[in-house]
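Here's a quick tour for anyone opening this structure for the first time. Have a look at the picture, then read on for the main points.

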There are 2 protein chains.
Amino acid sequence: MAQDDVYPVSLACGDCPIQHRAVCARCDSEELVELEKIKYYRSFEAGQTVIWAGDQMDFVASVVSGIATLTQTLEDGRTQMVGLLLPSDFVGRPGRARAAYNVTATTDILMCCFRKKPFEEMMDRTPHIAQRLLQMTLDELDAAREWMLLLGRKTAREKIASLLSIVARRDASVNMSTAAARMTFDLPLTREAMADYLGLTLETVSRQMSALKRDGVIELQGKRHVTVPDMDRLLLEAGDDSDGGFLV
Amino acid sequence: MAQDDVYPVSLACGDCPIQHRAVCARCDSEELVELEKIKYYRSFEAGQTVIWAGDQMDFVASVVSGIATLTQTLEDGRTQMVGLLLPSDFVGRPGRARAAYNVTATTDILMCCFRKKPFEEMMDRTPHIAQRLLQMTLDELDAAREWMLLLGRKTAREKIASLLSIVARRDASVNMSTAAARMTFDLPLTREAMADYLGLTLETVSRQMSALKRDGVIELQGKRHVTVPDMDRLLLEAGDDSDGGFLV
DNA sequence: CGCCCCATTGACTTAAGTCAATATGTGTGG
DNA sequence: CCACACATATTGACTTAAGTCAATGGGGCG
């Protein structure tokens, strides 16, 4: 397992940027005191592996800042990303001893880790945590299913457009900016990571990015900074159901 | 929405074939009494639609017997299966008013429905239910992620072999038969449903089934009855990690 | 400056899709 | 009981989207 920085990061739950969205979101102050006792922070640099599939895992964690990926691989090296972990997302499964997926830091990340045993015990007596985790897991399942539609049925161009709109939407929600017609954001993934996300090769990703640029759907400043002049156009290219209506 | 049979089916929880695996698995007898009050049964014939994506959904349910599918579609009709519902699987999401997916009965099915409002209220005060549902949802998420690897990175032949081994494994677990070298089972899906599951066309499914037959990996009795002379061989064709080791 | 990583582009191959004809099988009514 | 119709499945011929292999380009950092 990769070496991580273990310099003492300290952060009171009350000052935590993800407190309102993380697994602890519903906890009252008493419960937070209890969580403080079993938590510790770890940070990883961009590119580092947080944990390998199959490794013993004695903690569960929340991503505090940065981006990490969950990937699965076939023996011959083909790899598929199966999760994109953003701030407030949860890593690990209570009741499971070993990691099921590779977790890799895509940017520098900070994770709030809970020792697994005490966390599990606490979950058994704290419905707030189990309820919140259930909600988050159901959301992830919905995301996974939308992703399955993308992987199984969309063309390369649609896949790229879908990924770009997902990143744009998330970026808007983080920056509290309203979803405008024209949007600009950073793409936190390499072409290879995009390919692993979308079930494509990196060459195809590159070609389709160029094609979308040529067709005026996107503009590129450098490799990673994207401007979408017309979000509706992008959404159309993504091929999703027109009514971007959200299910409640 | 399709017409369903509402003839009065009645089944005490104590006699329920899925009681030990369903969302109510952890409930004590007192809790079961409460559940009895808010439950009712509905049955659907093979081919019927249980609910359309977007429809109001005033119940959640467990599949008691039979098989149903969850599908998602693009506007132009491309469809992708995103869930295969077997006995004891749960349908619907507490806290959500409308169905997110199309639910279709593949065989005749019986569902144990709970009125949504009272079920949600009960969930809030009954940790056993939320805990069990969390466990089931985490299992589904794992299955969805394995499926994503299949959709994104496997070849048509590997996809078919994977589906066959999943069905074989499930069949074995239902029949309590040990996973033997030689196995025989029914394939409860049409070629089209298989294609929707695997992100392929039905022609490709047909061709690959023929190829696996020609190569001696499977034998067919009629369209739907499959014999696998050597499960290890099939697993190999599925391309999964050799150690079929299960994560706990 | 030059190296390294990441990305782009081109030429060619191939797996899977499309369109279409044919086969198999099942249930219904004459 | 047969024959017809309709569903489902198979197979063939051809097309195409995406993959592969390989060369080239460009930006950032020591």
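A quick definition to start with: two strands count as paired if DSSP finds at least two bridges between them. With that in hand, take A:F185, whose bridge partner in β11(A) is A:V226. Keep in mind that this is a predicted model.

- Which surface do the copies use to meet? They meet through the same surface, because 100% of the interface residues of chain B are also interface residues in chain A.
- Chain B puts 54 residues into the contact, and chain A puts in 55 residues.
- About 4800 Å² is buried between chain B and chain A, with carbon and sulfur atoms giving 55% of that area.
- On the chain B side, B:R145, B:M148 and B:R153 lose the most area to chain A, together 17% of what that side buries.

**The four-stranded sheet**

- In chain A, 4 strands make an open sheet, and reading across you meet β2-β7-β4-β5, with antiparallel pairing.
- The edges belong to β2 (49–51) and β5 (79–85) of chain A; each has a single partner strand, so one side of each is left without a neighbour in the sheet.
- Going from one strand to the next, the twist averages 35°.
- Strand β4 (residues 68–73) of chain A is joined to β5(A) by 6 bridges, and the two run antiparallel.
- Within that sheet, A:A68 sits opposite A:L85 in β5(A).

**Strand pairs in chain B**

- Over in chain B, strand β2 (residues 49–51) and strand β7 (residues 102–105) run antiparallel and are joined by 2 bridges.
- Here B:I51 faces B:V103 in β7(B).
- β7(B) also pairs with strand β4 (residues 68–73) of chain B, in the antiparallel sense, over 4 bridges.
- In that case B:T71 has B:N102 of β7(B) as its bridge partner.

**The three-stranded sheet**

- Chain A has an open sheet of 3 strands in the order β9-β11-β10, and the pairing is antiparallel.
- Which strands stand at the edges? They are β9 (183–186) and β10 (219–221) of chain A, each pairing on one side only.
- Neighbouring strands of this sheet are turned by 25° against each other on average, direction ignored.
- β9(A) pairs with strand β11 (residues 225–228) of chain A over 4 bridges, in the antiparallel sense.

- Helix α5 (residues 191–198) and helix α6 (residues 202–214) of chain A pack at an angle of about 105°, and their axes are 8 Å apart.
- Angles of 65 to 115 degrees count as roughly perpendicular, and α5(A) and α6(A) are therefore roughly perpendicular to each other.
- From α5(A), the contact uses A:R191, A:E192, A:M194 and A:A195, while α6(A) brings A:L202, A:V205 and A:M209.
- Sorted by type, the residues in this contact of α5(A) with α6(A) come out as 5 nonpolar, no polar and 2 charged.

Notes:
Residues are numbered from 1 along each chain as its sequence is written. Chains are lettered from A and ligands numbered from 1 in the order in which they are written. This is a predicted model: local features need pLDDT of at least 70, side-chain atom pairs count only at pLDDT 80 or more; totals for chains, interfaces and linings use all residues. Side-chain values use heavy atoms; hydrogens and water are left out. Axes are lines fitted to C-alpha atoms, for helices over the stretch in contact, and angles run from 0 to 180 degrees between N-to-C directions. Angles under 35 degrees count as roughly parallel, over 145 as roughly antiparallel, 65 to 115 as roughly perpendicular and the rest as oblique. Contact means heavy atoms within 4.5 Å. Ala, Val, Leu, Ile, Met, Phe, Trp, Tyr, Cys and Pro count as nonpolar, Asp, Glu, Lys and Arg as charged, and the others, Gly among them, as polar. Buried area is the accessible area (1.4 Å probe) that two parts lose on being put together, summed over both.
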